[in-house]
Amino acid sequence: MPREQLQTLTEPMYYILLALKEECCGVDIMKRIEVISHGRITVGPGTLYALLDKFQKAGLIIETRVEGRKRSYIISEKGYEVLKKEYYRLITMVEEGKTILER
Amino acid sequence: MNNKKKKIKRKMFFASSYEIRAIENFLEEEAEKGWMFERCSGMFYVFEECEPVKLKFQVDYFDKATIFDTNPESNTLDYIEYCSESGWQHVFSSGKMQIFYSVQDNPVPIQTDEKMKLKLVCKATILANWINWILLPLIWGLFNVREMVDELLNPNYYFAYSRSLTELSEVGFVVFWLAFTLLSIVNMARFGIFCFRNKRRLKNGLGIQYYSSKNIKKYGVFHQIYLISLLVLLAALFTKDHVSLYLMIEFIVTILMIFLISKMTYSKWANRKANIVIMLVFPIVVANALIFAFMGSISRGDAKLISGDAIYVYSTDDIDLTLEDLGVDKPDEFLYEETVHDKAKSFLGMREVYSDYYNTEDNSYGYSIEIFSSKYKSIMDTYNQLVLEDEYYTYTGLTATKNTWCSDQVLYGTGEDVSMYVVVQDGITFVIEGHLNQEQAAEVSSYYMNMASALTR
């Protein structure tokens, strides 16, 4: 059940969706993730390909353009919701951590 | 064009498809020694001579590729493109397996998500191995078990034909199967441990742990020794039993043929669907044709292969023409009377054997008749030729002579102990052997000929 799996996002999933806030071709996503995460996160090409396929099937991203072997994607409304949900979940986690760790 | 032929090296390396770290290390070591990986099939790896280089290799599995792809399908090309953009050059693919190399010192691995990687590797391994791990031992085992049950349920089986578990060839086949199954189980267990251990490791936030290179090398040596000693054992068993040796060779040749034809028919121009048909259906048809072609060179006993497996009947009532009918007196003392009626029929031909023997302590007396018929002239010709060339008759000192007592084409021979009479008619052949004189043989043949002509009509 792919949809249930996508309820919480793994780190690479989160960053791929972040990178697709703006239209981007598949190959460039890897570079963009490195920029966004300041080199902390790297997503391998095999993993990226598999995740894009998964996202597209679940309707979280939309294919926008195909030029030869280059395919471009952008996040869908549904994907945006999932991303936002994850973002708020992370904020909640950080804030709850703050109340304990930064007292 | 570069006409200089590059040197090529082949090397064997025992590593299952999930032991990717070991394969990668192996390819990297070879590249450092000046041998660039080119292709592989099973455990055979082919290398081409090159300048010694430090390369990083990566074995990956692409889920959407299948063994039926000839050129990479468009999905696979997309994936290869992604990899080449991040510095991974594609060298080889076979089924789901994809092999890449990179010249960079510290390239981004193709799979960065260990959970997804473990899943891919496990799935690909199961797909690549289920036939020889599960299907083959199972089918083979079922055959063996059926045979054993047959023998256990039917004690007469031991006397009827020289086919019993105590016979070397039978033992050989069972030993071979057990050894094969054991190896499959050990391989599966190794894989199972790998899967479960790593699932637990990933749950605890650790990375995938592969079997060490040392462990894999040791296991490879075990593999080799195991297979070689098994072959030696089998050879020792089968040199004592020629028919089984032939059957064994036939078996191995058939498997090799299926493999070769399937490789040859794998065509570069066909698409995935056509390849599924070509690679699965065509080899089976050709292999079957080859079995029939090969049969001529084996032995008369293999007529069974044409007519199918026999149904054995052991009651005396089924023997229509007993020794007493032929005017032979029952000996005063005999160990047992052995009567067999063995009948088998297939769309290619029919084979029936009737026999009636008395076995006394130091001798046996009786006759047997084998009736073989087929609608196909070529099958009849092959069978007749085999009958006349049967080594057994020359061994017992029989010489074939043209007959005088029957208008049909008959050949017969008389030896010290046994006589043999062969009656060849259109589409049907009778082979009568035993301790009969000409008149008795003529009676037997005319009796069964009447019966057979009623049957075949």
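Glu11(A) is partly exposed, with a relative accessible area of 44%. Here buried means under 20% relative accessible area, exposed over 50%, and partly exposed in between (1.4 Å probe, protein chains only). The model is predicted: local features need pLDDT of at least 70, side-chain atom pairs count only at pLDDT 80 or more, and totals for chains, interfaces and linings use all residues. Residues are numbered from 1 along each chain as its sequence is written, chains are lettered from A and ligands numbered from 1 in the order in which they are written, and side-chain values use heavy atoms, with hydrogens and water left out.

Back to Glu11(A). Its side chain meets that of Arg40(A) in a salt bridge, 3.5 Å from N to O. This pair links distant parts of the chain, 29 residues apart: Glu11(A) sits in helix 2 (residues 11-19) of chain A, and Arg40(A) in the loop between helix 3 (26-36) and helix 4 (45-58) of chain A. A salt bridge is a side-chain nitrogen of Lys or Arg within 4 Å of a carboxyl oxygen of Asp or Glu. Helices (H or I, at least four residues) and strands (E, at least two) are DSSP runs, numbered from the N terminus. Arg40(A) counts as exposed because its relative accessibility is 52%.

The loop between helix 3 and helix 4 of chain A also holds His38(A). Phi of His38(A) is near 55 degrees, a positive value in a residue other than glycine. Most residues other than glycine have a negative phi. With a relative accessible area of 74%, His38(A) is exposed.

Now take chain A as a whole. It has five helices and three strands. Along the sequence they follow the pattern α-α-β-α-α-β-β-α. Of its 103 residues, 40% count as buried. The mean pLDDT of chain A is 87, and 93% of its residues reach 70 or more. pLDDT is the predictor's confidence in each residue, from 0 to 100. Where pLDDT is low, the predicted coordinates should not be read in detail.

Which residue of chain B forms a salt bridge with Asp53(A)? The partner is Lys64(B), and the closest N and O atoms are 2.8 Å apart. This pair crosses between chains, from helix 4 of chain A to the loop between strand 4 (56-61) and helix 2 (74-85) of chain B. Lys64(B) counts as partly exposed, at 26% relative accessibility.

Over all chains, the structure holds 16 salt bridges. One of them joins Glu38(B) and Arg39(B), with the closest N and O atoms 2.7 Å apart. Glu38(B) is partly exposed at 25% relative accessibility. Arg39(B) is partly exposed too, at 36%. Salt bridges that share partners also join Lys9(B), Lys11(B), Glu30(B) and Lys33(B) into one network.

Patches are made of residues with over 30% relative accessible area and no salt bridge; like charges are joined within 9 Å, and nonpolar side chains (Val, Leu, Ile, Met, Phe, Trp, Tyr) within 5 Å. Accessible areas come from the Shrake-Rupley method with a 1.4 Å probe; for residues, only the protein chains shown count as cover. Lys and Arg count as positive and Asp and Glu as negative, while His and the chain ends are not counted. The place of a charge is taken as NZ of Lys, CZ of Arg, CG of Asp or CD of Glu.

Glu324(B), Asp325(B), Asp329(B) and Glu443(B) gather in a patch of negative charge. Glu443(B) belongs to helix 12 (residues 438-456) of chain B. Its relative accessibility is 37%, so Glu443(B) counts as partly exposed.

Lys115(B), Lys119(B), Lys199(B) and Lys203(B) form a surface patch of positive charge. Helix 3 and helix 5 (168-203) of chain B are the elements that give two or more residues to this patch. Lys199(B) is in helix 5 and counts as exposed at 56% relative accessibility.

A nonpolar surface patch of about 920 Å² includes Trp130(B), Ile134(B), Leu138(B) and Leu142(B). Leu138(B) lies in helix 3 (residues 114-153) of chain B. At 52% relative accessibility, Leu138(B) counts as exposed.

Helix 3 of chain B also holds Cys122(B). Is Cys122(B) buried or exposed? Cys122(B) is buried, because its relative accessible area is 12%. The C-alpha atoms of Cys122(B) and Phe191(B) are separated by 8.5 Å, although the two are 69 residues apart along the chain.
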